[in-house]
Amino acid sequence: MSIHAVNIRKTFGRYVALENLELKVPTGALVALLGPSGSGKTTLLRIMAGLEYPDADSGGTVNFHGQDVTNTPPGERGVGFVFQHYALFRHLNVFENVAFGLKVRRKNRPPKKEIAERVNKLLEMVRLPGLGHRFPHQLSGGQRQRVALARALATEPKVLLLDEPFGALDAKVRKELRRWLLDFQEHVHLTTVFVTHDQEEALELADEVVVMNNARIEQIGPPQEVYDKPATPFVFEFLGNVNRLELTSLQNPTHQTGRPDGTVTYVRPQDIELSRHPSPDSVQVVVHHVFAAGPWARVQVVVNHTGEWLDVELSRETLTLLQPTHGQLVHARFRHSRIFGAPPPTAPHPTPHPTPPAPS
Amino acid sequence: MASTGTTLLNRGRTAAVVRDATTESGWVRALLITVALTFLALFLFVPLVSVFVEAFRNGIHAYLHAISTPDAWAAIKLTLLVAAIAVPLNTVFGVAAAWSIAKYQFPGRSLLLTLVDLPFAISPVISGLIYVLVFGLQGWFGQWLDDHDIKIIFAVPGIVLATIFVTFPFVARELIPLMETQGNDAEYAALTLGANGWQTFWRVTLPNIKWGLFYGVILCNARAMGEFGAVSVVSGHIRGLTNTLPLHIETLYNDYNLQGSFACASLLVMLALVTLALKTFIEWRHARNHAAEADSH
């Protein structure tokens, strides 16, 4: 079942949570809503679920497979929702939790035997066989989330919505559940939308990534595209590590003026080559620090004429060949870079940026 | 167990007093406990014990006689009747008020919250007086009620109303913080699974608040049965008709029937003890459930 949300605008008093967006989710796709806190991704998910409604005067609609469900209550939309903190029913055991959706049906309530069969099948599918009699407080975080998944799937929803489903779990459990979700998608092809602030998760799991910031959608595309071809400075900075240059001009690499020209250049650490020999498009840099431990080597350099810092990522072999030392003058060439016009006034910096050294 | 503090004084005293830095020294603890126990003894234990001593002063037959006179019996029945009406009503009001305050944002929410606490802030005498002012013969509806021969003040309905007013906050105040802490996620989950409002309330909200609800009901009941000030203003003290148990006790006392009044008072003390026992039981059960849940983290 496809989802099409149009003209979605949501405000809470004066606070604008969503600024007039449109989103299409194809049937069977696994889509990630990725962004920092406050970007509006959870609000958008809840509007799809029917737990929030778009502003009445905005004319926003949510359509499932062409049918307008904007005014349909959540229980009738055919969605399964999984919460970050599980939201299991504490006073019911695992079996009753999973069976809840089936037992509250007023029409078409399945007979007891069938409910039991379905619940047990679901518990096996989430790899919790035989734990039906346990209570939520007797389970680990990962187990609780699996019960929450089973519960959401019990009613055979057409759309699965997950709100930071693995955020409250530790790293190892998170990896297991991610693998489970991928596996599940491959077998079932259920239209799934999940919210996350973890870019690794989004890039690993999703067919399409929707990058959101500040109540707006910045970019939509497959993981490779959002990573390799970011559409805006925000996306560039949010996904992966990036160097940001304002004073260094790549149009005139050998003649740096050190004056800003209203543009911002982004280049990823792994796209910078260092060498002892200059080339026509290389920039002079001074080596400041070398971090050699780990699978990759990192070299911190300072652009000679402008004082801006760069983080460079090199393979260990390249490092061995180059043998950079502190204070050494080398030449940096940029394999890929992107230049944007005047930078936005408030660009968030998730990557820590060292400040240029004070003039000595 | 880690001892985080040692008092090794600079002057090189080698005898180190190894003590946990976060507790008081032995004698401070002893002093505080003594003060607390003395206070409790003077203001709580001694008066309670004296009630029973006085009640049984003339022997058990006199005691049994005192609590079974027609007036005493009528007072007991009236007290039970008032509680049987006031407590269920306040439970329903309390749950409804707590639900709206904890789960929703709406204009007037803070006002409602303040109104819930109002009966606690007003002196019980005033609580009774306001009903006299509204329903009494010189009151707003006084003439209309008299024309229709409906008695509220100086009759049972007035007592019930005053008791409802005074005991209203107990259930609501108990539930509001509880429901606010529990949040709305479980209810939202139930909605997405297809439950309607009533099913959500019955199957999800109510089981989550049951211990808090029980606690609030017990306190509400204790106050409803023991209320004096407001009921005194409204009741008219008509023996055998509009005397609740607390009022009957006062009547006996004013008649210099010390033994009788203490005998009836002992009934209220026993109610208080039962209330305390139930309260302790609930807290124990709640702590046990909490420990079980906390252990699993």
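Figure 1. Phe12(A) stands opposite Tyr15(A), a residue of β2(A), two strands being taken as paired if DSSP finds at least two bridges between them. Strand β1 (residues 3-12) and strand β2 (residues 15-25) of chain A run antiparallel and are joined by seven bridges; strands here are DSSP runs of E with at least two residues, and helices are runs of H or I with at least four residues, both numbered from the N terminus. The hairpin of β1(A) and β2(A) has two residues between the strands, and Gly13(A) there takes a positive phi near 65°. β1(A) also pairs in the antiparallel sense with strand β4 (residues 61-64) of chain A, over four bridges, and in this pairing Val6(A) stands opposite Thr61(A) of β4(A). This is a predicted model, in which local features need pLDDT of at least 70 and side-chain atom pairs count only at pLDDT 80 or more, while totals for chains, interfaces and linings use all residues. Residues are numbered from 1 along each chain as its sequence is written, and chains are lettered from A and ligands numbered from 1 in the order in which they are written.

**Figure 2. The open sheet of six strands in chain A.** The strands follow the order β6-β7-β8-β3-β9-β10 (chain A), with mixed pairing. β6 and β10 (216-221) of chain A are the edge strands, each pairing on one side only. Neighbouring strands of this sheet are turned by 15° against each other on average, direction ignored. Within the sheet, strand β3 (residues 30-34) and strand β9 (residues 208-213) of chain A pair in the parallel sense over four bridges, with Leu33(A) opposite Val210(A) in β9(A).

**Figure 3. Helices α2 and α3 of chain A.** The axes of α2(A) and helix α3 (residues 112-125) of chain A come within 10 Å and cross at roughly 130°; axes are lines fitted to C-alpha atoms, for helices over the stretch in contact, and angles run from 0 to 180 degrees between N-to-C directions. α2(A) and α3(A) are therefore oblique to each other, where angles under 35 degrees count as roughly parallel, over 145 as roughly antiparallel, 65 to 115 as roughly perpendicular and the rest as oblique. Phe95(A), Val98(A), Ala99(A), Leu102(A) and Lys103(A) of α2(A) meet Ile115(A), Arg118(A), Val119(A), Leu122(A) and Leu123(A) of α3(A), contact meaning that C-beta atoms, placed from the backbone, lie within 7 Å. By class, this contact of α2(A) with α3(A) has eight nonpolar, no polar and two charged residues; Ala, Val, Leu, Ile, Met, Phe, Trp, Tyr, Cys and Pro count as nonpolar, Asp, Glu, Lys and Arg as charged, and the others, Gly among them, as polar.

**Figure 4. Helices α9 and α10 of chain B.** Helix α9 (residues 185-192) and helix α10 (residues 197-226) of chain B have axes that come within 10 Å and cross at roughly 160°, which makes α9(B) roughly antiparallel to α10(B). Ala186(B), Glu187(B), Ala190(B) and Leu191(B) in α9(B) meet Thr200(B), Val204(B), Thr205(B) and Asn208(B) in α10(B). The contact of α9(B) with α10(B) comprises four nonpolar, three polar and one charged residues.

**Figure 5. The contact between chain A and chain B.** In this view, 19 residues of chain A are in contact with 16 residues of chain B. On the side of chain A that touches chain B, β6 (79-82) and α2 (94-103) of chain A each supply at least two residues. The residues of that side of chain A divide into ten nonpolar, seven polar and two charged.

Definitions and conventions. Two residues are in contact if their C-beta atoms, placed from the backbone, lie within 7 Å.
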